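The report below describes selected helices and loop residues of a predicted model. Please read it alongside the sequence and the coordinates.

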Amino acid sequence: MIKKQIALFLLRWLVSSTAMWICITWFGSVKEGAETVWIYIAAGLIFSLVNAVVKPILTILSLPFIVITMGIFVLLINAAMVGLTIWLLPDVNMGFWAAVLSSFVISVINLLVNLLVPAYNKK
């Protein structure tokens with residue numbers, strides 16, 4: 001049981017790191033001379049932690065806006081999670097609209113992984 005949870009955590013971390021690598025490469029920038037491999041590994045870990053801790057709280061607090069906008073406000077929450085991750089990373093820059101596009105890309109990547117790995121989204 002514990003081995004399966006550790007394997008799923010490592011898979012989620014790998015997927016998040018890969019997704020952040022794609023998004024930072026396409027839509028953001030990394031300061032010259034920065035250790036890019038470690039930035040992407042840290043980005044995946046930070047993004048996973050932000051989604052696990054901050055996103056549920058923010059979603060509950062903004063529930064009225066989510067209901068009024070029929071779920072569209074969730075896109076802004078996802079963009080805020082990407083923005084918070086980028087803000088916490090040293091030597092990485094990304095604008096607001098780039099964070100919105102990144103949230104779409106990350107959603108598509110997670111959808112594909114959910115389809116390919118059935119146990120990925122099971123709690």
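## Helix 4

Helix 4 has 16 residues and reaches 23 Å from its first C-alpha to its last, close to the 22 Å expected at 1.5 Å a residue, where the expected span is 1.5 Å times one less than the number of residues. Helices (H or I, at least four residues) and strands (E, at least two) are DSSP runs, numbered from the N terminus.

The buried residues of helix 4 are Ile 77, Asn 78, Ala 79, Met 81, Val 82, Thr 85 and Ile 86; buried means under 20% relative accessible area, exposed over 50%, and partly exposed in between (1.4 Å probe, protein chains only). These buried residues pack against helix 1, helix 2, helix 3, strand 2 and helix 5, contact being heavy atoms within 4.5 Å.

## Helix 1

Helix 1 (residues 2-27) has 26 residues that should span 38 Å at 1.5 Å a residue, and its end C-alpha atoms, 37 Å apart, agree with this. Its buried residues include Leu 8, Val 15, Met 20 and Ile 24, and what covers the buried residues of helix 1 includes helix 2 (36-61), helix 4 (73-88) and helix 5 (96-116).

## Loop residues with positive phi

Met 70, in the loop between helix 3 (63-68) and helix 4, has a positive phi of about 55 degrees although it is not a glycine, and counts as exposed because its relative accessibility is 75%. Asp 91, in the loop between helix 4 and strand 2, also is not a glycine and has a positive phi near 65 degrees; with a relative accessible area of 34%, Asp 91 is partly exposed.

## Basis of the values

In this predicted model, local features need pLDDT of at least 70 and side-chain atom pairs count only at pLDDT 80 or more, whereas totals for chains, interfaces and linings use all residues. Residues are numbered from 1 along each chain as its sequence is written, and side-chain values use heavy atoms, with hydrogens and water left out.
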